[in-house]
Amino acid sequence: MADYDYDLFVIGAGSGGVRAARIAATHGARVAIAEEYRYGGTCVIRGCVPKKLLVYASQYSEHFEDAKGFGWHVGETSFDWKKLIANKDQEIARLEGIYRRNLERSGVELHDTRAEIVGPHEVRLKAVNRTVSAKYILVATGGRPYLDDTVEGVEHTITSNEALHLSSFPKRIAIAGGGYIAVEFAGIFAGLGAETTLVYRGEEILRGFDDDLRTAVHNEMEKKGIRILCGEVFTKIERQSDGSLKGHLRQGATVEADQIMFAIGRRPNTDGLGLETAGVELGGKGEIKVDETSRTNVPSIYAIGDVTDRVNLTPVAIREGHAFADTVFGKSPRTVDHSLIPTAVFSQPEIGTVGLTEREACAAYPNVDVYRSIFRPMRHTLSGRDEKMVMKILVDADTDRVIGVHVLGPDAGELSQVLGIALKMGATKADFDATMAVHPTAAEELVTMREPAEQHRRAAAE
Ligand SMILES: Cc1cc2nc3c(=O)[nH]c(=O)nc-3n(C[C@H](O)[C@H](O)[C@H](O)COP(=O)(O)OP(=O)(O)OC[C@H]3O[C@@H](n4cnc5c(N)ncnc54)[C@H](O)[C@@H]3O)c2cc1C
């Protein structure tokens with residue numbers, strides 16, 4: 001490999017790129033990485049981590065209310081947005097430092113610059129205007145929020161990037177979108193005290209999740225005062241003389257807000273990356289097409305994470321990066337299994353899910369049993385909060401195998417991690433039933449649902 005400056009050049013120091021660079025280096029490769037913004041990427045700097053910190057912050061308003069039923073007298077409370085953002089930024093800076101140091105300790109060379117591909121083995125470092133060569137190039141440039149520029153006045157809106165850094169707290173916010181990012185931010189702003197409106201084009205929020213949970217989370221969000229307008233889109237945004245915004249909706253109504261946030265999807269970061277010059281094949285949304293080993297059609301160029309638009313989650317990008325490094329530099333070829341990925345949505349209440357939705361299960365299996373439990377969690381008996389928990393187990397009735405579990409309620413995300421192990425091991429409903437309950441918990445419901453609420457039977461073809 002001596003003919004090249006490096007064995008591996010990684011573009012993008014996010015979740016996937018950092019893992020790939022470190023593992024390749026520990027396998028003995030000479031590795032360099034370029035980052036144009038901040039080490040840690042979307043997840044650490046402006047995604048999962050800051051978002052979860054803000055979710056925690058937003059839950060205190062309900063904790064204060066709920067405390068009364070448990071005998072606490074909570075005095076006057078107030079909320080300081082600037083302090084929250086400053087503390088969050090301090091934590092993010094700490095994490096970024098750890099990412100940088102871990103790369104350096106692994107022997108990876110760091111380049112604080114945008115990098116672009118100029119050939120199958122060549123990368124241009126923009127800040128220093130220098131071209132370096134590498135036997136392999138790994139593209140791990142992630143994605144960015146998509147803004148619909150056909151909407152007049154879209155330049156007045158913000159995305160999740162800016163929402164995490166607003167200089168003042170918006171008393172009124174409208175969020176366009178119905179995916180997990182839109183729903184999570186609606187919960188954050190509402191919990192912190194903003195008058196919040198969610199405007200979603202489709203029939204129901206959280207497309208792709210189980211219908212029972214979609215309806216339930218919609219209802220619970222409305223109970224918290226969030227206005228949800230489905231079947232609606234913004235057609236025009238106007239800045240008013242007092243600095244506030246007026247959003248015009250397709251059906252004629254208007255929404256007035258201090259901020260309007262667009263969370264209507266993300267696009268892979270491939271613009272101007274030089275991929276066309278190197279002959280790398282892209283898909284319709286600009287995503288890099290790869291095979292199961294994350295290799296593009298150009299043998300020396302690989303791509304992992306959100307830029308490939310497979311399953312856009314941090315743990316997936318990390319696994320893909322690790323598998324790439326083991327395969328190419330560690331003499332242990334392996335691919336990533338993208339099935340049965342447990343997922344959390346930090347909506348309020350929270351969602352934890354793994355496996356097929358009821359709709360998907362019925363399409364994939366002829367006979368499906370649905371076990372469903374909707375109940376008030378114990379903590380809300382004394383708090384008096386009118387909030388229901390939903391648990392749902394889907395079973396292939398022919399094999400007894402559990403093919404999907406969906407939970408809505410406190411700590412559902414934590415539960416989904418453990419449920420993921422059970423489903424990955426091929427657990428049956430009988431295995432769930434044979435497991436002793438943990439009492440008193442909400443999760444015990446998962447092993448005590450005896451009778452199916454519904455049984456879908458597809459008639460045998462004549
Ligand atoms: C608001 C929000 C919340 C999220 N919440 C969750 C969650 O709860 N759980 C979860 O699993 N996932 C979550 N995600 C998704 C998660 O952040 C991504 O799936 C993950 O970060 C993808 O990692 P990656 O390595 O592919 O790319 P990224 O982490 O996006 O990293 C790409 C890096 O490449 C850099 N870069 C881009 N182009 C260049 C260039 N030409 N030269 C140099 N550097 C470049 C970028 O600056 C960036 O640092 C969330 C995302 C968002 C936006």
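Author: One cut-off before we start: buried means under 20% relative accessible area, exposed means over 50%, and partly exposed is in between. Also, this is a predicted model.

Reader: Okay, so is cysteine 230 buried, exposed or partly exposed?
Author: Cysteine 230 counts as partly exposed, because its relative accessibility is 26%.

Reader: And cysteine 362, buried or exposed or partly exposed?
Author: Cysteine 362 has 24% relative accessibility, so that one counts as partly exposed.

Reader: How many disulfides are there?
Author: The count is zero, going by the rule of cysteine sulfur atoms within 2.5 Å.

Reader: Switching topic. How far apart are the end C-alpha atoms of helix α3?
Author: They're 28 Å apart. Helix α3 covers residues 48–67, and its 20 residues at 1.5 Å a residue should span 28 Å, so the two agree.

Reader: Where is the kink in α3 centred?
Author: On serine 61, and the kink is about 30°.

Reader: Which residues of α3 are buried?
Author: Among them are Pro50, Leu54, Val55, Ala57 and Glu62.

Reader: What covers them?
Author: The cover for the buried residues of α3 includes α2 (41–46), α4 (81–105), α6 (180–191) and α11 (379–383).

Conventions. Residues are numbered from 1 along each chain as its sequence is written. This is a predicted model: local features need pLDDT of at least 70, side-chain atom pairs count only at pLDDT 80 or more; totals for chains, interfaces and linings use all residues. Side-chain values use heavy atoms; hydrogens and water are left out. Buried means under 20% relative accessible area, exposed over 50%, partly exposed in between (1.4 Å probe, protein chains only). Helices (H or I, at least four residues) and strands (E, at least two) are DSSP runs, numbered from the N terminus. The expected span of a helix is 1.5 Å times one less than its number of residues. The bend at a residue is the angle between axes fitted to the seven residues ending there and the seven starting there. Contact means heavy atoms within 4.5 Å.
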